[in-house]
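Hi,

Here is the structure I promised to pass on. Have a look at it first, and then read on for what turned up.

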Amino acid sequence: MYYSKSFIPTLKQSPTDAEVVSHKLMVRAGMIRQLAAGIYSILPLGLRVLKKVEQIIREEMDRIGGQEVFLPSIQPAELWQESGRWELYGKELMRLQDRHDREFCYGPTHEEVITDIIRREIKSYRQLPLLTYQIQTKFRDEVRPRFGVMRGREFMMKDAYSFHADETSVQDMYENMKQAYSNTFRRCGLDFKMVEADSGTIGGSFSHEFMVLADSGEDAVAFCDACDYASNVEKAAARIPAPVPPPKKLDDLKKIPTPGKKSVEDVTKFLKVSPQQIVKTIILENENGLVAGLVRGDRQINPVKLKNLIGCDWLHHAPESLITSKTKIPCGFIGPVKLDMKVYADHEVAVMHNFVTGANTKDAHYTGVQFERDIKAAQVGDLHEVQEGDPCPKCDKGRYQVKRGIEVGHIFILGTKYSSSMKANFLDEHGKENPMIMGCYGIGVGRTAAAAIEQNHDDKGIIWPAPLAPFQVVVIPVKFEEHSQRAACEEAYKILGELGIETLLDDRPERLGVKFKDAELLGIPLQIIIGPKNLENGQIEIKSRKTGVSELIDFPAGLQDIPNRLKNS
């Protein structure tokens, strides 16, 4: 491609609304332009990158027996009502009506559509297992779209769906998918972690996320420094504490005035106790009303863990106005003793003695609280969010490290969640009808490209991993209009093309400094600089974008080594 004939509208300044590096650089490099909030046009340079991500994904999906389909983005409401997600999905689901007032949605995902197809076509266990996938546009009406294509409302996604006759088969597919995803992100040149994760609104029994480690990541990833256990923080398991022998004397329950002392920090200072001696009572709301979660004073409650312990459809922190209207207790003084709602306690709370809680009265706390004597918990479980330095639950030596991560892939074992509700059944070898067991597997195509930038950039611009680079080599002449340089550039361009190297020839009548700055911004792995002095000696300069190291090579013979150089870029 000749630069003068390409559409690469680079910018010197970053957009004012860009919060993360990938958003800034994708706009500056002329890869994307915003049409509306969270909706982007993909320009030629950006599309070249996305197509490379797609090709890697296709190759890995095909390798494990996937068959590509292309499903409608507009989906009838009836399918979502069948699965029970029409109301459950919430406002992220964009609902619309056609001219006949029939209700539809713009698909954020395609479980219902593919299940509808399979239930019509697959009847026997002999036709299973089956793996289909697509790469297609999705839409989720995010309340706050941001970070460019990392959290847009409209986005490109690979979603795959598998159907099975038994648990062994779906587990085998899940393991194959783990490997395929690991291969995909490794081939994209990314530093990533496969972590245990919550299934969220997709549902299902088991899931893993693939997280690219980057400071700009929205999610926190906890992983052991001694073994291979890793998890999203919302799912990361805490080690169950050993039982603590009670002290020789258990204190009596005593109400203590604590005027205006609402926070853990205020109470610890006032009562001269440590945060580990306080139990916080967090009020949350689900479809059945208010519930209380108990964690130690130095911990944060994990609503996802509590939701899974309860087994409810949804759970979130209750607003203060609702809490006070329902309990008649001022926030900051609520405690679990004789509290008129279900109480769920963290494992750490269950082994505490002589601790402090709110007294369910304004300006008062209880001291000398004992778990079994004074608190009637509906259930005890792992409810707190793990922190850096906490012991690993899977090995004896390890401690948690916590880093930020960008979710680029998510795989689920769905079980029969959709097949049961939508009657996607098959006949087994005994002629008995059973619901198919399902798995689903997603990769964010644009997110993968953006995550690569978050991991690979400097103050000059993008540093593309070679497999994702829009071009592999950029040829930069000192003066393209000078005959010998022009001839050398065109010869290099021809040779590289014959070698299968995607090359951008910067033939623009721009100053050399402008060409260098654009080459650095675009992040093309190798720069070939052709100038009169080196040409006189039969040489050209080659420079690595990643290392910044330059060297002279013989021209044209040295060009034959470019494919090997790219493998190490």
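A charge counts as sitting over a ring if NZ of Lys or CZ of Arg is within 6 Å of the ring centre and within 35 degrees of the ring normal. Arg-95 meets this with Trp-86: its charged end sits over the ring, 4.8 Å from the centre. Arg-508 likewise lies over the face of Tyr-3, at 3.7 Å from the ring centre. Please keep in mind that this is a predicted model.

On to the aromatic rings. The structure holds 9 aromatic pairs. One of them joins Tyr-181 and Phe-185 edge-to-face, with 6.1 Å centre to centre and 85° between the planes. These two residues are 4 apart in helix α6 (residues 167-187), so about one helical turn separates them.

The peptide bond from Leu-128 to Pro-129 is cis, with omega near 5°; Pro-129 is in the loop between α5 and β7. Another cis bond runs from Phe-555 to Pro-556, with omega near 10°, and Pro-556 is in the loop between β31 and α17.

Which residues other than glycine have a positive phi? Lys-328 is one, with phi near 65°; it lies in the loop between α9 and β17 and is exposed, at 66% relative accessible area. Asp-363 is another, at about 65°, in the loop between β18 and β19; Asp-363 counts as partly exposed, at 27% relative accessibility.

Best wishes

Terms used: Residues numbered from 1 in each chain as written. Predicted model: local features only at pLDDT ≥ 70, side-chain atom pairs only at ≥ 80, totals over all residues. Heavy atoms only, no water. Phe/Tyr/Trp six-rings, centres within 6.5 Å; stacked < 30°, edge-to-face > 60°. Buried < 20%, exposed > 50% of the residue type's maximum accessible area, 1.4 Å probe, protein only.
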